[in-house]
Every structure is written in structure tokens, then in C-alpha cells.
Amino acid sequence: MRLALRLLAREWRAGELRLLFGALLVAVAAITTVSFFTNRVQLALNTQTNQLLAADLVLIADHPIGAQFAQRAEAAGLRLARTLAFPSMVVQGQRNQFVEVKAVSPTYPLRGDLSTSKVLFGPGETSPNGPKPGTAWADARLMQLMGLKVGDVISLGQARLSLAAVIDREPDRAGDFFNIAPRLMVNIDDIPRTQLIQTGSRVGYRLLIAGDEKALAAFRAWAAQRLGRGERIEGIGDARPEIRSAMERAQRYLGLAALVSAILAAVAVALAGRQYLARHLDSCAVLRCLGASQATLFRLYLVQFVVLGFSASLLGGLVGLGGQAVLAELLRGRIVSDLPAPSLWPLAEGTAIGLLLLLAFVLPPLLHLIRVPTLRVIRREMGPPQQRGIISYTLGAGLVAAVLIYRAGEISLGLYVLGGLLGVLLVGLFFAWLLLRLLSGLRRHARGVWFYGLANLARRRAASLTQILGFALGLMALLLLTLVRNDLLSSWQSALPPDAPNRFLINIQPNQLPALRQFFQDEKLAAPNFYPMVRGRLVAINDRPVRAEDYPEERTKRLVEREFNLSWAEQARKDYEIKAGRWWRPSDAPDQFSVEEGLAKSLNIQLGDRLSYDIAGTRVSGRVTSLRKVAWDTMQVNFFVIAPPGLLQSQPANYITSFHLPSGRETLLNDLLRQFPNFTVIDVAAIINDVRMIMDRVSDAVTFVFLFTLLAGLVVLYAAVLATRNERLYEAAVMRTLGARSRQLAAAQWIEFATLGAISGVLAATGASLSAWVLAEQVLHLPYIFNVWVWVIGVVGGAAGITAAGLLATRSVLRVPPLGVLRALQ
Amino acid sequence: MIVGVDQLGKSIAHEGAVLTILHDISFAIKNGESVAIVGASGSGKSTLLGLLAGLDTPSSGSVTVNGVDLFALDEDGRAALRGRSMGFVFQSFQLLPMLTALENVMLPIELLNGQDARSRAQHILERVGLGERTAHYPRQLSGGEQQRVAIARAFVTEPALLLADEPTGNLDSATGANVIELLFALNRERGTTLVLVTHDAALAQRCGRILHLDAGRLVEGA
């Protein structure tokens, strides 16, 4: 042990360890920077989407909420607000209107903003709190329906309230999509005066909670144990499928960026480790001569690597911590106003990953190294021992695979990337080998410097292959992150184009469809698709009655208790993704259902199960013949359960549609409601904005994270070049001795590096395109866009970048007097 | 006179102190002469040879080769001069591992953009007895064979001056003797000036003149 440390210190002094140390340091710094940063951005994204709840957590009950919850939350330093909601009647003069009343405490909202205006469809102004006591706010629909204006006095129960503003935006309004009554918002202190809340009133009570993430998690766990009948607790993930879906994609993007940095790190460490061990063949042989056993040698080097790995990784982790702080500072106000503090977990994680990577890559060659023939001391031309034993390499590969899957944070993403990596490695190895063969054939016909450039490549075939693969992986990661990233993001964003539907229209009667189509045509709006909607309650699965108490999850219980919206369709819509089974054909029997994947999972419904619905007293049954994935964040009308027309057509139905209402044409809704008074319009523009905002934030975050991955990529390139630097110095010195001029040497190196770079570029572009295709189609569920620039930049950029890096790393070749080099390297 | 050495000195900084390897060396070598540089290990023999070839730079003094001041030229100028008028044989052969025997020998001609590189290289390899092994890589050749390739490479441009650094140092005595025979035979055939560094007294005796170095000073033979 002490000998190992002494040797380590000597080697450090001799400069032997610097590349390995540096590669590891940058690798871990990149991993932890990304990790710290994504960790913080994710926390921030969560906070932001929590605006849709107006809080981080909401405790919901159908009766007044027990005081112990508020006391506990306050004791934990959490902020609180209360709301209650109930249906009632607003009266003004002779007119009255059924409304959904929402009473809010002075601290509401905890997250997000209220926005109000003084006139109907006027510009919105942000308001930190709800209405003051004695006043009320009404939404645009209520104003229109009753012909109200700001300043009017209305009656709510026994209370008279002055109308102070028009509600432009209410953060948690989006939370209940199919809330059909117009909104009246009042101060919670006015409720007793209304005398509307009596025993048996249908009132929804909410306790809004916000604050520190840890305290929230602890509170949620505590509260979950104490929820009574009719009480439940919700976070953002529970609230809106659109947002959940957008968040999942966002996390995958960030995970991808983190994963790519891990791959680059692994490659850099592998290259540096390989070089280190290659340079130690002689030392090993000498130590063997001096009587060291293989076991002693193994221990000696292992201790060195562990000490080296640990210190480099820890230092890298600290650099990462500093890096992300700088990053967060740069982004202040750009991405988020205030990033939550990072946890220290990434530091421990980065150190462990660094150490694992080092061991994964140095253990296998180390096992070979210690078997170096002792004779090498005398006959230096004896090479390293023959590589044997797949076992040691399997160990290394296994460790790397485990690290990658862990970094991906998700098995499927990890496996795709790992599979892609393996594929690229194998195919790359084959093609690189083929190209090198071709080139070494070609060199016989080449002249002058071309001959030497190509001869170098061919002679160092093993080293060239390693370098090409290292370069290719580095380039591939960079291409994937730059160009492909843009494609993936824009394809995601195009799922929500500027003309994405922003209004839903419900309660359309079948006989109103022709007139409604005519209305759209007259207003020069594209006629949307109308979807039939049948309400039914799920009563049995495989003829076993469905009961809420059979499901542990609160959300599932509610799903089971309420009526489902069923629909029928002949054809599958383009965006439906059938995950299991198949869509029906017109000739099939009609008793079939297609069920949304997530619902099937929640209710434990399998393909082939028989579902029975009670639709207005009639029992309708059918088998599940397909499971569908629904892209919730596209703002199209979606249904959990769809049947062929034959099964539901005879049931009482109304229609639903979604359409894009260009901004500035909001008054058109007045005409629409005048002509079809039974319709309900639901405004989802606010949700769309929120989803867009998440996309923009993610796009920004990925761009910045990318800069660090880029750094890791450059280290890979540098390490790969350095790996053959000594050989190059030596050869150049010999050539100089024989009379070669700088120009000739430089030209030969140019040719060699440019060829290496171009081959790597071809492989990298192929790999990046394939990976992007798989990622788009399989992981992110987006259409793949072919990008020709991947190839242009891959090949040209690869050749130029590697030539530059190579010449930089070997520039001393042209400067140092040859004798010194020859002596040093002999 | 082909080589002129005037007050040549070489010192290096080592751990804060200045270490002088060569002191004030002056001598001249005439065309066609054969000269052995001898001395104990660390006496500065190889450093002196390196300076004669312009592979290293001196701290003081000058070296002229064919009347050209070596150190008035830049690195490229010295490389060009070496290519035109010098050949080298090293103790550890210094063949380029990525090139075959034939390609190693062709290299100096090609660096000078010379004609008929392949046939000239082939011819001299046959002369050193390796006509059958031209397609082999250095790692496929024995030590003696590698040194013969190195000798072929040194003579292929027909240099006026041949510098050899312990040419037999890495070889057994029989193989070494063969290599020496070859070296002197080619020297005679082509009228080359030969300067060699050696430990081997027998080898030194075969040269026309012996320069004896002791601790960086020329003590005999100037």
C-alpha cells in the first residue's frame, strides 16, 4: 500500500498521470454539472407547472378540512391558502345566472398569477391576490351572459357585492376542464354573510400548500396517512395529463443530455486509461524482474487507480458544483427567476461514477498488463501480452452499461442509448477496419507525404481504430446534441403548432351539427372534427363488478366512481399509437373497445378483457381489442375509451370539438353562444401557453447543458490524439534526422488526421442519424426529421476539428530538436 | 575538410545547477577519413555526435559541414542539409515501425524528392543481403537485420558523411562483426567520411583516427 502511494507520487511528479487525471476530472465535472443543473432545472420546472394548481400541493375535501393539516403545514414552514367552491345563483335586478362560486383567502394564489381587466376582453393586469372583502370578480362568460359591467352590484345569497374586475386568467382554473358554469370569485370572508353554506350544501374545500420541496414531501407523506373519507391530496402530476406528458418529455430530454455527457466521459477515460497502461508495460516488466508477483503488481496498480480515481472524481465533482453555480447565475432571469438550491447528491453520484468508469476501463487492460513477459526488459520489441479472456472485458462493459442505464434514469432510454452505442461500436469497428484496409491498399499508389500519412494510419491500425471510434463517439454525441436536438425539439414543438386548438366546444346536439358547420364556414374558420360523446359508467370487468374500494389509488377510485366519456370511431386517428392489439376493421363484430394505455394500467385492464358499461340504463359490453397511447399535449379531443360505431351509435350522444380561435376574434364566441345557447365554450389557451413555456425552458436548459457536454467531447478528442502523441514525436524525430522538413512532416500529419477525422465523421453522422431516429420514434414519440447537415458538419467538421486538435497536440513535433525526442522516447 | 568543429560546448540546466556536457571541443575531419569517438559512459560522445549532425543545438561554438555553419541554419535548413549529405546509423536502429524494410530505405530519397527511390532502395537492400526481406516490417526482422536495413537507409542517398552511434551496441558479437564489415565495406565502396561513436576497442582500432573524450573534454586525437 505504501509502495503504491509512493509510486503514485513519483508517477505524478513525472507527469505520467496527468492525462488520465485530467480526463477523469473533466468527465466527472461534466457529469456533475449536468446532473446538478438538471436537478435544479427540474425542481424549477416543477415549481412552474405548479402554477396550474396555484400551489405545490392541494388537499381537497368535500367537507371543511380539519385544523390539524394546516397546523402541521404551518409548523413545517409551508405557506397556506384556502379556497372553497360551490354552485350558486347570481342575481342582478331581474336577471339571474347559475355560477360556480370560488371563495379565496387573502394569500391565494400561492403559485402563478391572477390576471384581471377592467373591461370585457380588455388587457389583463396581474393581481397578486383575489378580490377584497365586499367585492367580486366575474369571468368573461358571466359578464356576457348577464350583460354586466365593472362597478355593478350583484347579489350572492344574502350578500351584496360590488363587481370589481373581469377575470382574465385564474391559475388553477384550468384544473377543471369540464367545469361548465361561469365563474364568480369572492373573498372567503364574505361567505358567512351570504348564508349559502348550510348542512348538506355541495361545497369543495381546498387547502393550498406551497414551500420547500423536502418539507412538502414530508407533509405529503404525513397527510397521506391521515386522510379521511372524501379527502385527497394532489400534486401537479396528478392534475393535468397535458402537463404531465410535457414534463415527462422534458425530463427525457434533460436525461438524454446527461447521458451523452456520461458516454463522452467514459470514452475519454477509456482512451486515457489505455494510454496510461500502454506506457507502463516496461515498468511492469521491470517490477516483475525485480521479483514482484502478478498479485503484487495487480494490488499495486489497483491501489494507485483507486486513489487517483477518487481524488480526480471528487475534484471533478467540486468543479461541477462550481460550474453549475456559474450556469445558474448566467441563467438567472432567463430560464427561471430563482433556481432552488441543488442537493449534494450529484457530488456523491459523480464521484462514484468517475471511480466506476475508471475501474471499468483500466481493470481489463490491467489484468493483461500484469502478465507482461519479463523478457520485455531485454527485448523491448516484445509487445504486450496477447489479449485473452473475454471475461475481464465483459466486466468492464457491464460496469459501463450499468452506469449508463443508471444515468438514463429510465431503463428504456438507457437500453436504447446503450444498444445504439454497441451498434455504433460494432458497425463502426467493421467499417473503420474496412476503410483502413482500403487505404492501406491505396497507399501503394500514393506518393510523397500522402504515402506517409496513409502509411501511418495503416500501420497503427489498432490505434487508428481506437481513435476513429473515440472520435466518432465524441462527434456523434456532439451531433446528436446540436443538430438532432434542434430537430427533436422543433418536432416536439410542432406537435403544438401556433394554430393548435385553443377552445373546446361541448354539449353539441347531433341535430345542431349542420348549422354549426355552416357557422364555421360563414366565419371562414376551418371546420373542426366533431366527436360523438356518450356518457357511461364502467360497471364490470370480465363480468366482475367494478368497485372503487378495490383500487388503492385515490385517482383511480375517482375514475371508477364517475361517468366515462365514451366515443365511437370507424378509423383510428393518425396520432393514435396502438401499443397492443389492433384497431378494428369495418367487417369486424362491433362489440370491441380501444382503451387508453394509462387508464388500462390504472384499472388493471388487459387486452382481451370484457368491459361492461351502464349507459343510461342500458348495459353495453365488448372486449378490449387494442391499447392506445394518446398524445395528451396536442390539445386534440381525446377519449379514454373508444368503440366501433356499431356498438354505441344507438345510444344518446352529444358532440364535442376543439378548434383554433385566432386571437382578436374572441367576440365571435358571443355570436356563437347567441345562436347555440346550449353550448359551453372552454378556453384552453392558458394551458397551451403553459405547455409552450415548458418546452421553451427545456430548450434553453438543454442548450446550456450542451456546452458542458461539448467540453467533455473536446477532451475526448484531445485524449485520443494524445494517445499516439509519443509515437508521432518519435517518428517525426527519425524523419527529421533523415532530412524531412517541417512542411513535409506537417503535411503527412495533416493527411493522417484529416483522414481519421473524415472517417470518424462518416461514422458519427450515421450513428447520430440512427440514434435520432430511434429516440424520436421510440422514446420521445415524435416524427423523425432527416437532417442533411448532420452529414455535412459531421464529415467536414470532423476532419477540420480533428486536424486542428491533432496538430495542436503534436505541435512540439515540429519544434523540438530531434535528438532530445529520440533519447527521451527510446 | 568536410567537418570543422570550433570551440564547441554544451551545457544543460539540471535541478537548478548548470551541467556541462562538452567543454570547448575543436577538431577537423578531412574528406574520406574514418574517425572513432571513444570514451567512458557519460563522457559526452553521443552528444558530440548529435551536434555534428545538427540533431541538437550547442551552448557555444560552431560546427561546419562542407563549409556550411550548421547552427546558422534553422531546423528545416539543417534537416535539408542532413538529407543531402549525411547518413545515420543508431544503436537502436530507429526504423519507422509503420514502414516495411523497403519503405524505410526509400524514405530519405523520397524526402528529397529523389528519382527511382524504389529501385535504388531495392538495390542497396540486396547489397546488404536483405533482398528477400524487403516487404517485412521492422518487428518481423532480427536485430542484426534491422541494423542492416538502417545501414542501407544511411547509404542509400550516397551521403558524404556517415554518422554512427554505437552501431553494434544492441547486437551480439558475431552479428556486430558482420554489421561492422558491411559498414566499412560500403564506406570504402562509396568513399564516404565515417564518424562513429563506440565502446568497442577493436572497432575503434579499425578507424584511421581516434578522438578520446573524458568528462566532456577532448583529451586525445585532435
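Modeller: In chain B, six strands form an open sheet in the order S6-S7-S8-S3-S9-S10, with mixed pairing. Strands are DSSP runs (E, at least two residues; helices are H or I, at least four), numbered from the N terminus. The model is predicted: local features need pLDDT of at least 70 and side-chain atom pairs pLDDT 80 or more, while totals for chains, interfaces and linings use all residues. Residues are numbered from 1 along each chain as its sequence is written, and chains are lettered from A and ligands numbered from 1 in the order in which they are written.

Colleague: Why do S6 and S10 of chain B stand at the edges of the sheet?

Modeller: Strand S6 (86-89) and strand S10 (217-220) of chain B each have a single partner strand, so one side of each lacks a neighbour in the sheet. From one strand to the next, the twist averages 25 degrees.

Colleague: How do you know that S3 and S8 of chain B pair?

Modeller: Pairing requires that DSSP find at least two bridges between two strands. Strand S3 (residues 34-39) and strand S8 (residues 193-197) of chain B have four bridges, in the parallel sense, therefore they count as paired. Opposite Ile37(B) stands Val197(B) in S8(B).

Colleague: Why is Ala215(A) called partly exposed?

Modeller: Ala215(A) has 16 C-beta neighbours inside 10 Å. A residue with 20 or more other C-beta atoms within 10 Å of its own is buried and one with 12 or fewer exposed, so a count in between is partly exposed; Ala215(A) therefore counts as partly exposed. Ala215(A) lies in helix H6 (residues 213-226) of chain A. Gly77(A) is 138 residues away from Ala215(A) in sequence, with 7.7 Å between their C-alpha atoms.

Colleague: What joins S13 to S14 in chain A?

Modeller: Two bridges join S13(A) to strand S14 (residues 544-545) of chain A, and the strands run antiparallel. S13(A) and S14(A) form a hairpin with two residues between them, and Asn542(A) in the turn has a positive phi of about 50 degrees. Ala540(A) is opposite Pro545(A) in S14(A).

Terms used
Axes are lines fitted to C-alpha atoms, for helices over the stretch in contact, and angles run from 0 to 180 degrees between N-to-C directions.
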